[in-house]
Amino acid sequence: MGHVTRFASPKFLKILKKEYKWTVRPIPGPHSAGSSIPLGVLLRDYLGVALTLSEAKKILYNGKIYVDGIMRVDYRFPVGLMDVVSIPSAEQYYVIYPDKSRFIAPRSISSDEAQYKLKKVLNKVSVKNGKIQLNLHDGTNLQVESNDSNYYPTLSTIRVNLTNSKIDAVYTLKEGAIAIITGGKNTGVEGTIQRIKKLPYKTRKYSIVELKSSDKNYETNMENVMVISSS
């Protein structure tokens with residue numbers, strides 16, 4: 001079924017809950033239904049490039065929308081954290097960014113910035129031919145030489161060139177790095193990592209990261225932090 005009741009949809013979606021009964025249900029994809037925005041909803045309710053869902057579908061069917069450099073035509077396609085949405089014909093480019101009030105929301109970027117995407121390394125596994133596979137937050141993966149594995153520590157962020165899928169920068173989760181909170185009550189807070197408190201004999205989900213923002217310091221679970229710059 002391509003629709004879900006509006007009251008059953010994620011609370012962060014920018015839709016009127018009482019105006020109509022149904023809204024778009026995202027198809028299975030790189031992001032879960034509870035952490036993504038259906039592409040048709042993004043075009044209509046967030047970006048305002050379409051007044052109705054029918055208009056959004058027409059724009060998509062005409063091949064005018066790209067997500068991470070790939071043309072998308074399904075209005076149910078889920079877009080989520082750090083996805084790059086491009087509308088070249090209108091010279092509009094956006095990144096789906098953590099938001100304090102909406103969990104995630106589009107942020108306007110330049111055409112040059114739209115050539116790259118930040119991806120968080122969730123874990124690493126060994127694969128054939130002496131390669132290491134980096135499993136990333138958006139459901140994709142990249143393979144690197146096993147000798148280079150230490151350059152891409154778990155929970156670091158890599159910057160990937162969307163035109164050739166090559167890594168051109170690595171941002172490590174460490175003190176002094178610039179990071180943003182991607183989950184929990186402080187989602188959208190951006191600041192400098194002051195301390196990383198790891199508890200002995202505990203998994204990383206029990207580790208705490210302290211960020212210094214412009215107004216005050218924040219603490220959050222390590223898994224809720226994404227590094228966006230080295231300094």
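What follows is a working chat about a predicted model.

Biologist: What kind of model is this, and what pLDDT do local features need?
Modeller: This is a predicted model; local features need pLDDT of at least 70, side-chain atom pairs count only at pLDDT 80 or more, and totals for chains, interfaces and linings use all residues. Residues are numbered from 1 along each chain as its sequence is written, and side-chain values use heavy atoms, with hydrogens and water left out.

Biologist: How many helices and strands does the chain have?
Modeller: There are 2 helices and 19 strands. Both are DSSP runs numbered from the N terminus: helices are H or I with at least four residues, strands are E with at least two.

Biologist: How much of the chain is buried?
Modeller: Of the 231 residues, 45% count as buried. Buried means under 20% relative accessible area, exposed over 50%, partly exposed in between, with a 1.4 Å probe and protein chains only.

Biologist: And what share of contacts comes from residues 24 or more positions apart?
Modeller: They account for 44% of the contacts with a separation of 6 or more. Contact means heavy atoms within 4.5 Å.

Biologist: Sheets next. What is the strand order in the one with β10?
Modeller: That open sheet has 5 strands, ordered β12-β11-β10-β13-β14, with antiparallel pairing. Two strands pair if DSSP finds at least two bridges between them.

Biologist: Why is one side of β12 and of β14 without a neighbour in the sheet?
Modeller: β12 (141-145) and β14 (167-171) stand at the edges with a single partner strand each, so one side of each has no neighbour in the sheet. The twist averages 40 degrees from one strand to the next. Axes here are lines fitted to C-alpha atoms, for helices over the stretch in contact, and angles run from 0 to 180 degrees between N-to-C directions.

Biologist: Where does V121 sit?
Modeller: V121 lies in strand β10, residues 116-127. β10 pairs with β11 (residues 131-136) in the antiparallel sense over 6 bridges. V121 stands opposite L136 in β11.

Biologist: Is V121 buried or exposed?
Modeller: V121 is buried, at a relative accessible area of 0%. Beyond four places in sequence, V121 touches residues including N135, L136, Y152 and I158.

Biologist: How far is V121 from M226?
Modeller: They are 9.6 Å apart in space, C-alpha to C-alpha, and 105 residues apart in sequence.

Biologist: Switch to D138. Where is that?
Modeller: D138 lies in the loop between β11 and β12. D138 is buried, with a relative accessible area of 2%.

Biologist: Which side chain does D138 have a polar contact with?
Modeller: The side chain of K117, at 2.7 Å. A polar contact is a pair of N or O atoms within 3.5 Å; within protein, one must be able to donate a hydrogen and the other to accept it, and residues adjacent in sequence count only if both atoms are side-chain atoms. D138 also has contacts with P30, H31, D68 and K119, among others.

Biologist: What about the other sheet, β5-β4-β7-β8-β9?
Modeller: It is open, with 5 strands and antiparallel pairing. β5 (70-71) and β9 (103-108) stand at its edges. β4 (residues 66-67) pairs with β5 over 2 bridges, and Y66 stands opposite M71.

Biologist: Which helix lies across β4, β7, β8 and β9?
Modeller: Helix α1, residues 39-46, running at about 65 degrees to β9.

Biologist: Which rings have a charged end over them?
Modeller: K57 has its charged end over the ring of Y75, 4.4 Å from the centre. R159 has its own over the ring of Y116, at 4.1 Å. The rule asks for NZ of Lys or CZ of Arg within 6 Å of the ring centre and within 35 degrees of the ring normal.
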